[in-house]
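Student: Could we take a close look at one part of this model, namely a pair of packed helices and a residue that belongs to their contact? Please set it out as one connected account.

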Amino acid sequence: MEALLEPLQYAFMQRSLAVALLIGILGAMAGSYLMVQRLALLGDAISHSVLAGLAAAFALGLPLAFGAFVAGLLSAASIDFIRTRSPLKADAAMGIVLSAFFALGVTLITLIQKQNKIDLNHFLFGNLLAVSPADLRDTAIVASLVAIAIVLFHKELQFYCFDRLAAQAAGLPVRWFDLGLTVILAMTIVVAMKAVGVLLVIAMLITPPATAYLWVRRFVPMMLLAIAIGSASSLVGLYLSFFWDLPSGPAIVLVASLVFVITILINPRRSWQKQG
């Protein structure tokens, strides 16, 4: 108990623990919808694309979060444009946009570094222990907005995610749901990026929901279990980074990945056999 309470003596750890908990919840909620739609690569594409937005915002003197958010929306719009205007499948469109935006981001940062010193590792891997009160406030606001949207449109979102064509035939505005989920995903990635970085944020979106999916197949229980796994992984990973002097983002992702591996090992029937 003393070891658990020791980090709480420091204000920066109190903020970090709160942000870690919120990110675990946010990532699980947004990732659950990606999971049931089999669009895990979409989260990867948007998370890598925000690097270009970060670099552009830095160069223009704009808020970094604004640049990242705009880049996330542009990448999603680009994927949709390629998918609807060409015979290419969605995964090909995502791969093209992911690599193009990420390459643009690295190029912009390289050019900016000739004049200004930028810590690329901070963008790529995050720094949860350095979150500010403003970061905590922004994360809490985003988490509240996402939770409210999911509660208000829970039935419609489920219908849309599991059977898009039927939802469209029933008169649901599926294009607006596309936009809404993209906005939720982009906001989640922007706030989570500060903690775990561009390269690792996809793990917080996919690993907890994927682990939960191996245990339960009903959507609501799966999301709740994913929230529990994501939150616990975030807190345990942060404690490990505090006591063992580890990078906080990778520590959190490793804990979530370990839970997934344990699930594979102790629950092989559900993990490997197709369920009806």
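Tutor: A residue counts as buried when its relative accessible area is under 20%. The model is a predicted one, and by that cut-off isoleucine 79, at 4% relative accessibility, is buried. Isoleucine 79 lies in helix 4, and, once residues up to four places away in sequence are set aside, it touches Leu42, Ala45, Ala93, Met94 and Val97. Leu42 and Ala45 take part in the contact from helix 3, as Ile79 does from helix 4.

The two helices themselves, helix 3 with residues 40-60 and helix 4 with residues 64-85, pack at an angle of about 135 degrees, and their axes are 6 Å apart. Angles over 145 degrees would count as roughly antiparallel and those from 65 to 115 as roughly perpendicular, so helix 3 and helix 4 are oblique to each other. The crossing of helix 3 with helix 4 is right-handed. Helix 3 contributes Leu42, Ala45, Ile46, Ser49, Val50, Gly53, Leu54, Ala57 and Phe58 to the contact, while helix 4 contributes Leu64, Gly67, Ala68, Ala71, Gly72, Ser75, Ala76 and Ile79. Sorted by class, this contact of helix 3 with helix 4 comprises twelve nonpolar and five polar residues, with no charged residues.

Note on methods: Residues are numbered from 1 along each chain as its sequence is written. This is a predicted model: local features need pLDDT of at least 70, side-chain atom pairs count only at pLDDT 80 or more; totals for chains, interfaces and linings use all residues. Side-chain values use heavy atoms; hydrogens and water are left out. Axes are lines fitted to C-alpha atoms, for helices over the stretch in contact, and angles run from 0 to 180 degrees between N-to-C directions. Helices (H or I, at least four residues) and strands (E, at least two) are DSSP runs, numbered from the N terminus. Angles under 35 degrees count as roughly parallel, over 145 as roughly antiparallel, 65 to 115 as roughly perpendicular and the rest as oblique. A crossing is left-handed if the near helix is turned anticlockwise from the far one by less than a right angle, and right-handed if clockwise. Contact means heavy atoms within 4.5 Å. Ala, Val, Leu, Ile, Met, Phe, Trp, Tyr, Cys and Pro count as nonpolar, Asp, Glu, Lys and Arg as charged, and the others, Gly among them, as polar. Buried means under 20% relative accessible area, exposed over 50%, partly exposed in between (1.4 Å probe, protein chains only).
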